[in-house]
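Student: I am new to this structure and would like to learn how to read its features. Could we go through them slowly, with the general idea before each case?

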Amino acid sequence: MLSIKQWFIMNVSLGILVCLLSLNLLGFTFPSAGEVAYRLDKEEPLCFISWKEEVTPWNDLDRCCLQARQQLSCKKETKESLFGRADRVCQTGTGTASYRLNNKAYHYCQQQAFW
């Protein structure tokens with residue numbers, strides 16, 4: 001036999017489940033964990049182009065995302081520069097231009113249709 005406390009916990013859990021399923025049925029979508037992390041990140045999105053030892057900031061984030069996506073690999077590598085911190089490096093190989101993005105810019109790029 002279940003105690004009153006167990007019945008109460010089960011009823012509250014089922015009530016929450018009914019609410020969530022009803023919202024889903026009405027078309028309400030819940031954000032993913034990555035989207036929540038992107039929205040909570042208050043850092044400005046930054047993109048840099050790095051060629052040999054020269055680093056140049058690129059203010060057009062959409063074009064930067066497109067160029068970064070065309071590279072063979074994007075790996076996590078933190079680098080500091082005069083313009084800020086970059087957390088990801090996208091490049092084709094050694095000796096080529098690389099695109100450096102911070103976490104905010106990288107998550108923005110991942111939300112684009114072409115990524």
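Tutor: Let us begin with burial, where a residue is called buried under 20% relative accessible area, exposed over 50%, and partly exposed in between, using a 1.4 Å probe and protein chains only. Here buried residues make up 22% of the 115 residues in the protein. Please keep in mind that this is a predicted model, in which local features need pLDDT of at least 70 and side-chain atom pairs count only at pLDDT 80 or more, while totals for chains, interfaces and linings use all residues. Residues are numbered from 1 along each chain as its sequence is written, and side-chain values use heavy atoms, with hydrogens and water left out.

Student: Which helices and strands does the protein have, and in what order do the elements run?

Tutor: Helices (H or I, at least four residues) and strands (E, at least two) are DSSP runs, numbered from the N terminus. The protein has four helices and five strands, and from the N terminus on they follow the order α-α-β-β-α-β-β-β-α.

Student: Is the protein spread out or compact, when set against the globule rule?

Tutor: The radius of gyration is taken over C-alpha atoms, and the globule rule is 2.2 Å times the number of residues to the power 0.38. For this protein the radius is 22 Å, well over the 13 Å that the rule gives for 115 residues, so the protein is more spread out than a compact globule. Along the principal axes, its C-alpha atoms fill a box of roughly 75 × 25 × 25 Å.

Student: How many aromatic pairs are found in the whole structure?

Tutor: Rings of Phe, Tyr and Trp (its six-membered ring) pair if their centres lie within 6.5 Å; planes under 30 degrees apart count as stacked, over 60 as edge-to-face and the rest as tilted. The search finds three such pairs. One of them joins Phe28 and Phe30 edge-to-face, at 5.0 Å centre to centre with 80° between the planes. Phe28 is partly exposed at 44% relative accessibility, and Phe30 is partly exposed at 47%.

Student: What about Trp58 and Tyr99, and where do they sit in the chain?

Tutor: Their ring centres are 6.2 Å apart and their planes stand at 35°, so this pair is tilted. The pair links distant parts of the chain, 41 residues apart, with Trp58 in the loop between strand S2 (54-57) and helix H3 (61-69), and Tyr99 in strand S5 (residues 98-101). Trp58 is partly exposed, with a relative accessible area of 22%, whereas Tyr99 is buried at 11%.
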